[in-house]
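Subject: Handover of a structure, with notes

Hello,

Here is the structure I promised to pass on. Please open it first, then read the notes below.

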Amino acid sequence: MPEMVTRVTVEELPSASGDPITVLRFSGDITSASQPAVIGTYEGLPDHVKRILLDFSKVEYLNSSGIALVIQMMIAASKRGQTLHTFGLSPHFQKVFTMVGITKYTSLHPDEASACSAF
Amino acid sequence: MEKTMSSRDKATSSSIELRLPSRLGYEKVAMNTAASVARLMGFSDERVEDLKTAVAEACINAMEHGNKLDESLSVGVVLSMDANSLEVKVTDNGEGPQSSTGAPDIHKKMQEEEEARGMGMFLIQALVDEVEWVSSPPAGSYARMVIHLSQPAL
């Protein structure tokens, strides 16, 4: 059973409150095999990006190695002065992200609209 | 991958056994089997999701750290159920866990003083009702996890 491919699409949303919001929409599995897709896509974002939204609503499987990739993105975003918000996590993974402490560095939102309004 | 089902002495007790190759991705076979069994037993969706993560993490640990991703070695998974509980035992050929069950320190991770990875055992411990890791080289090691349909009285 090979792991499902991680897909990441990048979308830019205009924002009335300032800089546009860059959305990374993940689908499939996020595991240790997802490093090129997840970190590679993040690192390919232009330097002017300051607001990043992570969309997990189409993720089918996420494990601790995948969560570690999210933490790596958070570290890189912190160094680049970017603000990062998250939405689309299932209640279970909202709980897991809270247990791990990720919510101390990014906020989890129930949907895209509320996440966008948090910037 | 082999899959067997057997009845034990009690009519209410039975078990399912899986043998998985030590190849990342195959933990989902154990995860989905455990989820199916837990749903049949009447566990809530929340408990099923807890169990899925715990079983997946235990299998990943067994494949990566126990069997060093040697595909000639298999990871054994035994699900044993009775009227009130589901036990999942994950076996490998290694020497037992080397990492910690302590809560990850997100501040240290963000400061890169601690690896971003290394949360599996913490998650397992936090998500199931009982867990133990038993190291018994050279025979191998195992993680044993249990969830109860109703929480035992304290």
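Is A:Ser107 buried, exposed or partly exposed? A:Ser107 is partly exposed, because 15 other C-beta atoms lie within 10 Å. The cut-offs are these: a residue is buried with 20 or more other C-beta atoms within 10 Å of its own, exposed with 12 or fewer, and partly exposed in between, with C-beta atoms placed from the backbone.

Two remarks on the source. This is a predicted model, in which local features need pLDDT of at least 70 and side-chain atom pairs count only at pLDDT 80 or more, while totals for chains, interfaces and linings use all residues. Residues are numbered from 1 along each chain as its sequence is written, and chains are lettered from A and ligands numbered from 1 in the order in which they are written.

More on A:Ser107

A:Ser107 sits in strand β5 (residues 107-109) of chain A. Helices (H or I, at least four residues) and strands (E, at least two) are DSSP runs, numbered from the N terminus. A:Ser107 contacts A:His85, A:Thr86 and A:Ala118, leaving aside neighbours within four places in sequence. Contact here means that the two C-beta atoms, placed from the backbone, lie within 7 Å. A:Ser117 is 10 residues from A:Ser107 along the chain, and their C-alpha atoms are separated by 12 Å.

Strands of chain A

Start with β1 (residues 7-15) and β2 (residues 18-30) of chain A. They run antiparallel and are joined by 8 bridges. Strands count as paired if DSSP finds at least two bridges between them. A:Arg7 has A:Ser27 in β2(A) as its bridge partner. β1(A) and β2(A) make a hairpin, with 2 residues between them.

β2(A) also pairs with β3 (residues 51-62) of chain A. This pair runs parallel, again with 8 bridges. Here A:Thr22 stands opposite A:Ile52 of β3(A). From β2(A) the chain passes through helix α1 (residues 35-43) of chain A to β3(A), in a right-handed β-α-β crossover. Right-handed means that, with the strands pointing away from the viewer, the path from the first strand over the helix to the second runs clockwise.

Where the chains meet

How many residues does each chain bring to the contact? Chain A brings 25 residues and chain B brings 22 residues. On the side of chain A that touches chain B, α2 (64-79) and α3 (91-100) of chain A each supply at least two residues. α2(A) gives the most to that side, with 9 residues. The residues of that side of chain A divide into 14 nonpolar, 9 polar and 2 charged. Ala, Val, Leu, Ile, Met, Phe, Trp, Tyr, Cys and Pro count as nonpolar, Asp, Glu, Lys and Arg as charged, and the others, Gly among them, as polar.

Chain B overall

Chain B has 4 helices and 6 strands. From the N terminus on, their order is β-β-α-α-β-β-α-α-β-β. Of its 154 residues, 38% count as buried. Among contacts in chain B with a separation of 6 or more, 59% join residues 24 or more positions apart.

Helix α2 of chain B

This helix covers residues 45-66. α2(B) has 22 residues and reaches 30 Å from its first C-alpha to its last, close to the 32 Å expected at 1.5 Å a residue. The expected span is 1.5 Å times one less than the number of residues. Why is α2(B) largely enclosed by the rest of the structure? Because 17 of its 22 residues are buried.

Two residues of α2(B) deserve a look. B:Val55 lies in this helix. B:Val55 is buried, with 28 other C-beta atoms within 10 Å. Beyond four places in sequence, B:Val55 is in contact with B:Ala30, B:Met31, B:Ala34 and B:Val88. B:Cys59 is buried, with 31 other C-beta atoms within 10 Å. B:Glu27 is 32 residues from B:Cys59 in sequence, and 5.5 Å away in space, C-alpha to C-alpha. The contacts of B:Cys59 beyond four places include B:Leu20, B:Glu27 and B:Val90.

After the helix

B:Lys68 follows α2(B), in the loop between α2 and β3 (74-81) of chain B. Its phi is positive, about 50°, although B:Lys68 is not a glycine. B:Lys68 counts as exposed, because it has 12 C-beta neighbours inside 10 Å. B:Leu69 is found in the loop between α2 and β3 of chain B. B:Leu69 is not a glycine either, yet has a positive phi of about 60°. With 13 C-beta neighbours inside 10 Å, B:Leu69 counts as partly exposed.

Best wishes
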